[in-house]
Amino acid sequence: MARNEALYEAVLKGKRKDVAVLVQEDIDANVNVESILMDSMVPAMSEIGDRFSRNEAYVPEMLIAARAMQAGLDLLDPLLQEAGHEPIGKVAIGTVKGDLHDIGKNLVAMMLKGAGFEVMDLGVDCDVDKYKEAVEGGAQVILLSALLTTTMPYMKEVVSSLSGCGAKILIGGAPVTQDYANEIGADGYSDDANTAVKATKDALGIAA
Amino acid sequence: MKFKLISCEIFFREMEFLLEQSPHQIDVEFLQKGLHDIPTEEMLKRIQAQVDAASEQNYDTIILGYALCNNGLVGLKARNTKLILTRAHDCITLFFGSRQKYQDYFNAHPGTYFKTTGWIERDYVSEELKPLSIPNQMGMDQTYEELVEQYGEDNAEFLWEELCDTKKNYSQITFIEMGVEPDDRFETLSKQEAVERHWTYEKTAGNLTLIRRLLNGDWDNEDFLTVAPGSEVAASHNENIVKSVPSAGQA
């Protein structure tokens, strides 16, 4: 199926209302719902992410694109389910115990959704049990976020408690580094929302 | 002994008060609190420049009015003069007087925003640092009106909530009374802010012990890190918070 250029542009520019109208038009015209998602909307999110990585787009642009994407998803989701569409993977994300900061975590969650993942957002102040429940609920990748060096050490506890659970664990947030990921045995690290999507795909062996 | 103190201005009133009582001769350089709002490598560069300048002179020790500061001190190198750094994540430990006390308070009162004289008088970013500041680069420090102009009303409202309202998960202001306040204006301002935000307000007593020990040369390994010449500051990722490691690429 060809890309719906108007829809692609509307997601890219963060025009939520336009996205809803264009998606509805496509649905009404019996366009394949999976194609609406995968050929027009997901590529737009991938493009905004890449623009961000090239410093051509900034966090606000990424956020409004993700929100516009969500407006389309709200219409598509029930139809996708009916059509038996499977997300590219199931992941869970949450800010670690003691830490209530979620701007970055929310952005990563939105970008993952935008890439076609099913995302369980565990919120902030998540203890080990909360992550364990997510694994039991089918999460294949667990993403941990922390903004403070005070709360970052809890990541180590989560990683060791979840060791052997089968899910991959990725970490991120302002004070987090690749060295720290290596030190605590996390499966990966990323320092922004776009590379977080790539790291999640890598962890699951999904082609970029 | 002759010390050089390089300190964040957030401690200005506490340091001034305690410097008078120190048995040592201490030259002082206060740096902008705004260094915390710029990328860590930029913060480090500016503190390192002060350390390097002080190392050219005849000080017995350079003492740092800093903590790990979200890794802003990681990589700070001691040249030919040793450095002393308090084992703390951030300034709040120094205001509480012990990292355990801070941790206990932090655990018992999640979502607390701390206020001291410094956090009221000196919590701003200078024009010079603004272009570098992370909130500025991330578009977090825009006004609602600026967001509307750039992204339209519908998206502005969303961006405001999602990106600019950085204190949305906070629910309390705690004023740490250090005993260096000239009057009750700081407490009043803290209380007012709590009322305006519909948060709870608490006043707690601070403790000058750690800052006093820092200035008096009472540095044990339990509470202070010594960075010998040829070494640099690193994060230890455990209860010691900071450690000293040999500097790479330094003769």
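Two residues are in contact if their C-beta atoms, placed from the backbone, lie within 7 Å. Everything shown here belongs to a predicted model, where local features need pLDDT of at least 70, side-chain atom pairs count only at pLDDT 80 or more, and totals for chains, interfaces and linings use all residues. Residues are numbered from 1 along each chain as its sequence is written, while chains are lettered from A and ligands numbered from 1 in the order in which they are written.

**View 1. Helices H4 and H5 of chain A pack against each other.** Helices (H or I, at least four residues) and strands (E, at least two) are DSSP runs, numbered from the N terminus. H4(A) covers residues 59–82 and H5(A) covers residues 103–114; their axes lie 9 Å apart at an angle of about 50°. That makes H4(A) oblique to H5(A). (Angles under 35 degrees count as roughly parallel, over 145 as roughly antiparallel, 65 to 115 as roughly perpendicular and the rest as oblique; they run from 0 to 180 degrees between N-to-C directions, with axes fitted to C-alpha atoms over the stretch in contact.) Look for A:Val59, A:Met62, A:Leu63, A:Ala66 and A:Met69 on H4(A), which meet A:Leu107, A:Met110, A:Met111 and A:Gly114 on H5(A). By class, the residues of this contact are 8 nonpolar, 1 polar and no charged. (Ala, Val, Leu, Ile, Met, Phe, Trp, Tyr, Cys and Pro count as nonpolar, Asp, Glu, Lys and Arg as charged, and the others, Gly among them, as polar.)

**View 2. A:Ile184 sits in helix H8 of chain A.** This helix spans residues 178–184. A:Ile184 is buried, because 20 other C-beta atoms lie within 10 Å. (Buried takes 20 or more other C-beta atoms within 10 Å of a residue's own, exposed 12 or fewer, and partly exposed is in between; C-beta atoms are placed from the backbone.) Setting aside neighbours within four places in sequence, A:Ile184 is in contact with A:Met155, A:Lys156 and A:Val159. A:Arg51, 133 residues away along the chain, has its C-alpha atom 32 Å from that of A:Ile184.

**View 3. Chain B meets chain A.** Here 21 residues of chain B are in contact with 23 residues of chain A. On the chain B side, the elements giving two or more residues are helix H4 (99–108) and helix H7 (144–164) of chain B. H7(B) gives the most, with 7 residues. The chain B side divides into 9 nonpolar, 10 polar and 2 charged residues.
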